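Thanks for making the time this morning.

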Amino acid sequence: MERIYLSPPDVGERERELLLDAFDSGWIAPLGPHVDEFEREFAARLGLSDAVALASGTAGLHLALLVLGIGPGDDVVLPSLTFAATANAVRYVGARPCFVDSTPVSWNIDPDLVAEELDERARSGRPARAVIAVDLYGQCANYDRLEALCAEHGIPLIADAAESLGATYRDKPAGSFGTVAVFSFNGNKIMTTSGGGMLVSNDSRLTARARHLATQAREPALHYEHRDVGYNYRLSNLLAALGRAQLESLDHKIARRRTIHERYREAFSDLDDVAFMPIDPNGTPNWWLTVLTIDEATGIRPDDLCRSLDAADIEARPAWKPMHLQPAFRDFPMRDGRIAEAVFRTGVCLPSGSNLTDSDQDRVIDVVRAALQAR
Ligand SMILES: *Cc1c(COP(=O)(O)O)cnc(C)c1O
């Protein structure tokens with residue numbers, strides 16, 4: 001029996017075909033025709049005017065903060081319950097992360113707490129300069145409220161949509177909310193370029209600026225002229241070819257992950273100690289990862305279940321450890337934290353890859369059931 005992974009790349013003949021096309025065309029370079037086409041197809045799919053293909057989602061978050069002028073000493077409001085990359089980017093520009101707890105409605109940043117945070121900071125004479133929302137595990141944050149709050153305070157909203165490509169909120173696609181949004185094509189995401197990312201916006205001045213900074217800030221002069229400090233953040237033509245093939249089958253991948261999610265729900269429906277990440281009825285996730293929670297009264301912690309699964313050669317992971325509990329970010333402000341901490345104490349991400357077979361999923365289900373019934 002082969003090891004079952006959490007969310008491995010799902011690639012096939014079409015990926016091979018386009019990758020070889022890029023190879024044979026001689027564009028073994030950062031940039032090239034596949035990058036241009038990938039950006040065009042990606043923006044079109046989201047109904048946005050522009051997309052900038054990048055080396056990673058983290059680079060996208062860094063650039064988003066830079067093009068919005070966020071810098072040293074600025075306060076940026078973001079959820080504590082996220083992957084470290086969101087908070088790291090805030091530190092790259094020298095800004096201060098101000099962490100906020102999640103809502104039990106979706107585990108995303110709680111708009112009521114964001115309202116409190118923005119009001120208090122404004123009253124204190126040190127207003128927040130931006131908000132970053134994260135679409136956790138493929139489910140959109142409450143953009144109705146977050147867009148209104150940011151407009152009220154006159155600050156930009158960045159959407160970290162690294163995990164949510166293909167999800168919707170009130171029938172609008174993830175990535176179409178806020179001032180700038182960022183996607184990731186890391187190997188474990190719903191589609192992958194092995195490593196890569198995309199920055200999107202409807203503000204062409206912002207995307208042009210991001211493209212410029214991502215290309216070493218080279219001015220259009222024959223000699224090498226630089227007015228700004230730049231970065232080497234662009235996606236290679238080879239990887240963009242992979243991305244184009246992956247985008248073609250995105251809807252299939254979403255449908256497959258949804259089926260996997262529904263099969264888990266069905267399989268554990270008789271277990272009173274098990275629940276799932278709550279789904280906000282205003283949106284439809286892309287079902288990137290199925291996250292279940294184990295009632296604390298069972299005494300079974302996420303690490304225990306992950307170890308039982310690992311012993312059966314199955315990869316599972318606890319939910320993200322909140323940033324305010326991380327040594328790297330412990331000294332920054334945190335508003336509440338009870339929901340994020342409860343998710344961390346109870347949540348387990350189960351294998352959810354779009355290439356997971358039914359029989360492999362049955363193996364996962366059997367081990368989870370045995371672990372929960374053995375206590
Ligand atoms: C994966 C991820 C990122 C980082 O993307 P990379 O492409 O790996 O740099 C950022 N934020 C969240 C929420 C993520 O899950």
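Predicted model: local features only at pLDDT ≥ 70, side-chain atom pairs only at ≥ 80, totals over all residues.

**The sheet and its helix**

Let me start with an open sheet of four strands, whose order is E10-E12-E15-E13 and whose pairing is antiparallel; strands here are DSSP runs of E with at least two residues, helices are runs of H or I with at least four, both numbered from the N terminus, and two strands pair if DSSP finds at least two bridges between them. The edges are strand E10 (274–276) and strand E13 (317–318), each of which pairs on one side only. Residues are numbered from 1 along each chain as its sequence is written, and side-chain values use heavy atoms, with hydrogens and water left out.

Within the sheet, strand E12 (residues 290–294) and strand E15 (residues 347–350) run antiparallel and are joined by four bridges, and Val-291 has Cys-349 in E15 as its bridge partner. Helix H10 (residues 302–311) packs on this sheet, touching E12, E13 and E15, and its direction makes about 25° with that of E15; contact means heavy atoms within 4.5 Å, and axes are lines fitted to C-alpha atoms, for helices over the stretch in contact, with angles running from 0 to 180 degrees between N-to-C directions.

Turning to helix pairs, the axes of helix H2 (residues 33–46) and helix H8 (residues 237–248) come within 8 Å and cross at roughly 35°. Among the H2 residues that meet H8 are Phe-38, Glu-41 and Arg-45, and on the H8 side the contact includes Ala-240, Arg-244 and Leu-247. By class, this contact of H2 with H8 has seven nonpolar, three polar and four charged residues, where Ala, Val, Leu, Ile, Met, Phe, Trp, Tyr, Cys and Pro count as nonpolar, Asp, Glu, Lys and Arg as charged, and the others, Gly among them, as polar.

For helix H3 (residues 57–67) and helix H4 (residues 84–92), the axes come within 9 Å and cross at roughly 40°. Thr-58, Leu-61, His-62 and Leu-65 of H3 meet Ala-85, Thr-86, Ala-89, Val-90 and Tyr-92 of H4, a contact that divides into six nonpolar, three polar and no charged residues.

Finally, taking the whole chain, its secondary structure comes to twelve helices and 15 strands, and its C-alpha trace spans about 70 × 60 × 35 Å along the principal axes.
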